[in-house]
Amino acid sequence: MDGSLGITTHRTACPHDCPSACVLEVERLSPTRIGRVRGSHSYDYTAGTCCAKVARYAERVHHPDRLTHPLLRVGAKGEGHFAPISWDEALDRIAGAFRDAAAKHGAQSVWPYQSGGNMGMLQRYGLDRLRHVMRYSRQKSTICITPGESGWKAGHGQARGADPRGIAQADLILMWGGNPVTTQVNLMHHIQQARKQRGAKLVVVDAYRSPTMEAADIAVLLRPGTDAALALAMMAVALREGRADHAFLAAHTDFDAGVQAHILLHTPEWAAEITGIPAEEILALARLYAGSDRCFLRCGVGFTRSRNGAASIHAVSALAVLNGSWSKPGGGAFFYATDGWRMDTRLTQASDRIDSATRILDQSRIGPVLTGETAALAGGPPVMAMLMQNANSADVAPDSHLVRRGLAREDLFVAVHEQFLTPTAALADVVLPATTFLEHDDIYRGLGHTALTIGPRVIEPWGEARSNSAVVARLAQRLGAEHESFGMSDVEILDAALQGAGLGTWAEAVAAGTVDVGNRIPAGAAFQGFPQPDGRFRFKPDWAALGPYSAGMPAVASYWPNVEAATAETPFRLITPPARSFLNTSFSETPGSRKREGAPVLLLHPEDAAAQGIATGMQVRIGNARGSITLAAKLFDGLRPGVLALEGIHPGTAFPEGIGVNALVGADPVAPGGGVAFHDSAVWLRPA
Ligand code: SF4
């Protein structure tokens, strides 16, 4: 729309690693500059809201530290000394390194690597085109939600849930292990509407008193990794007191006398010992949930980032099944919608060219992969050349010392395509300047709802920045890779991907702002069953079908005490929930976010602090066999004793050791399908 002074407003969508994928309105001040960013009212889920960090996006897109030219390393690896080079030279060097690696070690020694710095169908996943056509190593993307996704699928069959807009009809919202005040402002908007309009109650279960728990009607604070114990005890109360919906269980689940007998073994007193929640609180919560006709269960990702996370969400999600809330208005449950997006991926990802004989490397295990662990390399050659897009693995991936040691290998060629000189880019041989979402076209999946949100470009690229897809196409040209998509523009590819799935055209999608693909499990009166082959929720899941690491997982919905337990040497359990103004390490470079978050702070219970003579503001060190970090302590009674919390992935430069909290997190794969146990580390604590 035209405005005064040449300012125009453009609708687009947020690309960040956040399930909201908000529809946005962006002021364009000139062909290269933006002004304010607001939420768009054109879509009723994201509903005119957007978070403060994206509202300040002008700070990021016009940041003086943005990369403007391709760079070549001129000093030792990791020293951070670079000289500008031309795009042609940069791409020639990358193509040359890929050709050399393939000639000496085979095509699978090249590992194109992508992560969630941008979630676009093309700008994130488009790197797969080069991978598949050239038969380079494939990637299993596990770093975010794989444990939760596996646990959800174990019961429901697919990663889909009830429409979260159903919250509007709920009388009780049970927010389990998530913090939407910090991470999903849109979801909080719907919760607040239900509270205002229906008098709905918000119950929050979490391992620390998050801003969402602060806002709750009922706060349930448990020890990390014990969620399933609480869920089991709640289900046992419902069964014992005749509040389970046996007609629903018989029609839509595999519940039987054996499952019932197993659940009934778990009392509130038993769960109190494990969770730290008093037994009477557990009893009251169980009665409140089982006694409510309209209760919506929203599972967050936080509690699933644990070695027992898949088993935990499976047990927690069974709560909504046991009381039959799926068939009632305002009922059902939701985690993430990662299944059923329908887009035709033949052109966006060259999915028509996948060679199933090529190995798959686990994104989360980049440390073990690059340092040559045989199992992590899946029996194939060492990785000798990489192109990394949307990935700051030096700070974000687990076991950061190992990751950095791998990236710093003298015999490994690394190209990083980024917007800023991140710690990962600083370890690269060649650095390429990347566009932001405002400078390219793409489509995003609303993983926290069920619509594709459409992101047309708003301004011209910054400096010489190029989009991820443009880099992939230029490299393909140099490498002789042939695929129909390499000769197409981004808009042509996205248009074909929509049309191929019967979702209309790009022009129609841009005009609408969203495309609802309907990938929900209908709830309430429309409920007909779960997306399992027989339509039944599984209390007895087939874990082995969900990944290679299922050994020892419980046969029936259970508390599985498989965590990195506290020991005499490492007596504290550490969780690392998100900070409000960062998103992983994105936004850690913008002044507004840095100012708001300040220096990293370790939250610890006053009892633990007193035992070690620690006061707020004192410098402390926490560590384990993987590493240690130094930061300021802050006394906080919103944790169970023995639990520590550090909010946000502050960049390594914020710590005296030059490395951040993920140095303490293990890279061992989470059962059954992989993933990272970010909130499951045992550590020691001492004054610095
Ligand atoms: S980061 Fe999340 S909440 Fe913020 S604008 Fe993007 S999608 Fe919306």
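This is a predicted model: local features need pLDDT of at least 70, side-chain atom pairs count only at pLDDT 80 or more; totals for chains, interfaces and linings use all residues.
Entry 1, helices α5 and α14. I looked up how α5 (residues 146-156) packs against α14 (residues 309-322). Their axes lie 7 Å apart, at an angle of about 45°. I therefore put the two helices down as oblique to each other. I noted the crossing of α5 and α14 as right-handed. On the α5 side, I listed Pro147, Gly148, Ser150, Gly151, Trp152, Ala154 and Gly155 as making the contact. On the α14 side, I listed Gly309, Ala310, Ala311, Ser312, Ile313, His314, Ser317 and Ala318. I sorted the residues of this contact into 7 nonpolar and 8 polar, with no charged residue.

Entry 2, helices α12 and α13. I then turned to α12 (residues 268-275) and α13 (residues 279-290), whose axes cross at roughly 115° and come within 8 Å. The crossing of α12 and α13 is right-handed. I found Pro268, Glu269, Ala271 and Ala272 of α12 in contact with Ala279, Ile282 and Leu283 of α13. By class, I counted 6 nonpolar residues, no polar and 1 charged in the contact of α12 with α13.

Which residue of β24 is the bridge partner of Leu602? I found Leu646 there.

Notes
Residues are numbered from 1 along each chain as its sequence is written. Axes are lines fitted to C-alpha atoms, for helices over the stretch in contact, and angles run from 0 to 180 degrees between N-to-C directions. Helices (H or I, at least four residues) and strands (E, at least two) are DSSP runs, numbered from the N terminus. Angles under 35 degrees count as roughly parallel, over 145 as roughly antiparallel, 65 to 115 as roughly perpendicular and the rest as oblique. A crossing is left-handed if the near helix is turned anticlockwise from the far one by less than a right angle, and right-handed if clockwise. Two residues are in contact if their C-beta atoms, placed from the backbone, lie within 7 Å. Ala, Val, Leu, Ile, Met, Phe, Trp, Tyr, Cys and Pro count as nonpolar, Asp, Glu, Lys and Arg as charged, and the others, Gly among them, as polar. Two strands pair if DSSP finds at least two bridges between them.
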